[in-house]
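Welcome, and thanks for taking a look at this one. Please keep the model open beside you while we walk through how its parts pack together.

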Amino acid sequence: MFVSSSSHVPRWLQVLLTEKFYNVCIIHEEAKKNEKNVYCLDCCISLCPHCLSPHRSHRLLQIRRYVYHDVIRLDDAAKLIDCNSVQSYTTNSAKVVFLNQRPQTRNFRGSGNFCSTCDRSLQDPYHFCSLSCKINYLVRTTDSLCGYLFECNYLPLLESGLDDGLMMTPDSVLEPSGSGGYGGVDCRTTLACTATTEIVRKKRTGGAAFRLPFRPACSPVSEISACLMNRRKGNPQRAPLH
């Protein structure tokens, strides 16, 4: 768990790593797009788009969501924290990092590279799966964040950022990509069904063809296989002798 009581962790960072984002703003319950997805570093509070006016001159950080977990752009995070060794992911031409560690899907630990805090499997040469894992590790091992936090006096919120939730569905997966830039991972949405399959076979008599109803590409394999096995081959023809 995050060491929120450590005196070496500034308050803005403590709140950032413990705040619950994307909850409905109580003040603007009846308004549209009222989820709290902006963090004010000066006031240490989360804001919805309708709460921004009094904070326009403050340092504002856009929070985004991937697979229902909070992430921020790597470019924004690098202005505040040393993100070296934190695994990044690439999506929509932007690199992002997770704020907090994600729940483990399995406890098995085999060979490979793992997060130094939560043992999540990572790509080389990363050592942390999220910013909170790195902060926890530094506080636990060095008892200091000196040299890892940067002074940032200006952090504007891009107007287009509020419309860029970049939310992914539970069917989305994080797929490895080739190394480049920060050597991140390409984040792509994998759909189980992407097209429809049409199977055509000939009747035993008349040679007329008919089409089966359209079926999704994710139809049971056994059902599709049965259709293919029912296809009748024509009479074999002997090659002419010379």
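Helices (H or I, at least four residues) and strands (E, at least two) are DSSP runs, numbered from the N terminus. Helix α1 itself spans residues 11-18 and is mostly covered, with six of its eight residues buried. Those residues are W12, L13, Q14, V15, L16 and L17.

## About the model

This is a predicted model, in which local features need pLDDT of at least 70 and side-chain atom pairs count only at pLDDT 80 or more, while totals for chains, interfaces and linings use all residues. Residues are numbered from 1 along each chain as its sequence is written, and side-chain values use heavy atoms, leaving out hydrogens and water.

The protein has four helices and 15 strands. Of its 242 residues, 38% count as buried.

## The nonpolar cores

A nonpolar core is a set of buried Ala, Val, Leu, Ile, Met, Phe, Trp, Tyr and Cys residues joined through side-chain atoms within 4.5 Å. The largest one has 36 residues, and W12, L13, L16, Y39, L61, I63 and L131 touch the most other members. Two or more residues come from each of α1, α2 (74-77) and α3. Apart from this core lies another, of nine residues, including C25, V38, C48 and C51.

L131 deserves a look of its own. Leaving aside neighbours within four places in sequence, L131 is in contact (heavy atoms within 4.5 Å) with I72, A77, I81, C83, V86, V97, F98 and L99.

## Helix α3

Why is α3 largely enclosed by the rest of the structure? Eight of the 11 residues of α3 are buried, so the helix is largely enclosed. The buried residues are L131, S132, C133, K134, I135, N136, L138 and V139. Their cover includes α1, β5 (69-73), α2 and β7 (94-98). After α3 comes D143, whose phi is positive, near 60°.

## A three-stranded sheet

Strands β2, β1 and β3 form an open sheet in the order β2-β1-β3, with antiparallel pairing; two strands pair if DSSP finds at least two bridges between them. The edge strands, each pairing on one side only, are β2 (45-47) and β3. Between β1 and β2 the antiparallel pairing runs over three bridges, and Y39 has S46 in β2 as its bridge partner.

Technical notes: Buried < 20%, exposed > 50% of the residue type's maximum accessible area, 1.4 Å probe, protein only.
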